[in-house]
Amino acid sequence: MFSEELEKISWKETTEKIFAKKDSDVRRALAKENCDVEDFMALISPAAQPYLEQMAFLSRKYTQERFGKTMSMFIPLYLTNSCTNSCVYCGFHISNPMARTILTPEQMEDEFKAIKKLGPFENLLMVTGENPVKAGVPYLAKALDIAKKYFANLKIEVMPLKAEEYAELVTHGLNGVICFQETYNRERYKIYHPRGMKSNFEWRVNGFDRMGMAGVHSIGMGVLIGLEEWHTDVTMMAYHLRYLRKKYWRTKYSVNFPRMRPAENGGFTPNVIMSDKELAQLTFAMRIFDHDVDISYSTRETPEFRDNMATLGVTTMSAESKTEPGGYYTYPQALEQFHVSDERTALQVTSKLKELGIEPVWKDWDSSFDCYLK
Ligand code: SF4
């Protein structure tokens, strides 16, 4: 399990190493076809800032070689904001006295139909808070059963599950799971997640192993930028990605670097700010480090920044997202988990992509192709 690997990596020493990287380390990394985590550290370090143009060039080259000039489009649907956790940075935390919604099967159908009117979406990400009693595996199985009538590719972003539970959901049409570790800093993790299931660091970080063991086709990872020193956190994620690739080599991987935005509960002030330039640097570094990983940008980012990065390494984007349960049809005014920056319609986003020479792809995977992978 990855938690055992993580024990061997010191947070403090990793931070020191990143900030000690020199110009020569960056040049060595840029000259390599296959970078290791040490090279990744050099590429995200302050020493690499003068090399952004060269990094952008390489990132674009590897992206076009592996993905062509395409952008996979997806849309999230929040099924519920009911949550038993107390994440201090999230408006859905249990102590927030707000109305809670759990979409019924009928309401799900309404949402799916409403999404289909926005654009020809086939990649759906269903999101829940963590409520195993009211929105546990049977609820998710039902949601998948209904959703597969409307969408070809179904992913979930829910509480970490047991391997057998992931395997069960695969039989209901589950293709991918996204889970954010939030931070790999084990000590500080407890401060952000004081109570509830999510306070168990090991259970969360080893969830990715359980997804791999269950044969989930696609695994998405991310750290929440705004909690801890981001250079160190994304380096831990790079170690994690390499570990998973070796162990579960049939699986597809994606990464996401969500920058914290204010929640509606008055907001948690981020401890760390990542600038656009730094996010661009990190995106290039990730692409140079792992040529095949899907890099996903959500509507948390501004239209201008998403457009700029669309040709330089990003391969998956959401559009016209609502971050409140039932936000497309049932409860358009409900409390959002966070406020989006890119408020363009899906069709506006995709026509801009076309203008940039990028073909939006609505459906890039089908379970019927799985037989060729076995
Ligand atoms: S981040 Fe997720 S688990 Fe934490 S309080 Fe918000 S919805 Fe619940």
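**Close-up views of a predicted model**

**View 1. Strand β1 is largely enclosed.** Of the 11 residues of strand β1 (residues 70-80), 10 are buried, so the rest of the structure largely encloses this strand. Buried means that 20 or more other C-beta atoms lie within 10 Å of the residue's own; exposed means 12 or fewer, and partly exposed is in between, with C-beta atoms placed from the backbone. Strands (E, at least two residues) and helices (H or I, at least four) are DSSP runs, numbered from the N terminus. This is a predicted model: local features need pLDDT of at least 70, side-chain atom pairs count only at pLDDT 80 or more, and totals for chains, interfaces and linings use all residues. Residues are numbered from 1 along each chain as its sequence is written.

**View 2. β1 pairs with β9, β8 and β2.** Two strands pair if DSSP finds at least two bridges between them. β1 and strand β9 (residues 359-361) run parallel, joined by three bridges. Here Ser72 faces Val361 of β9. Three bridges also link β1 to β8, again in parallel. Phe74 has Ser318 of β8 as its bridge partner. Tyr78 stands opposite Val127 of β2. A crossover is right-handed if, with the strands pointing away from the viewer, the path from the first strand over the helix to the second runs clockwise.

**View 3. β5, α12 and β6 form a right-handed β-α-β unit.** Strand β5 (residues 218-223) and strand β6 (residues 252-256) run parallel, with five bridges between them. Gly220 sits opposite Ser254 in β6. β6 also pairs in the parallel sense with strand β7 (residues 294-297), over three bridges. There, Asn256 has Ser296 of β7 as its bridge partner.

**View 4. How long is helix α12?** Helix α12 (residues 230-247) has 18 residues and, at 1.5 Å a residue, should span 26 Å; its end C-alpha atoms are 26 Å apart, which agrees. The expected span is 1.5 Å times one less than the number of residues. Buried residues of α12 include Trp230, Val234 and Leu241.

View 5. Which residues surround the ligand? They are Cys83, Asn85, Cys87, Cys90, Phe92, His93, Gly129, Glu130 and Lys198. A residue is near a molecule if its C-beta atom, placed from the backbone, lies within 6 Å of it. By class, the shell has four nonpolar, three polar and two charged residues. Ala, Val, Leu, Ile, Met, Phe, Trp, Tyr, Cys and Pro count as nonpolar; Asp, Glu, Lys and Arg count as charged; the others, Gly among them, count as polar.

**View 6. Glu182 and Glu320 have positive phi values.** Glu182 has a phi near 70°. Glu182 is part of strand β4 (residues 174-182). Is Glu182 buried or exposed? Glu182 is buried, because 24 other C-beta atoms lie within 10 Å. For Glu320, phi is near 55°. Glu320 lies in the loop between β8 (316-318) and α15 (346-355). Glu320 is buried too, with 21 other C-beta atoms within 10 Å.

**View 7. Asn200 is partly exposed.** Asn200 sits in the loop between α9 (186-192) and α10 (201-205). Asn200 has 14 C-beta neighbours inside 10 Å, so it counts as partly exposed.
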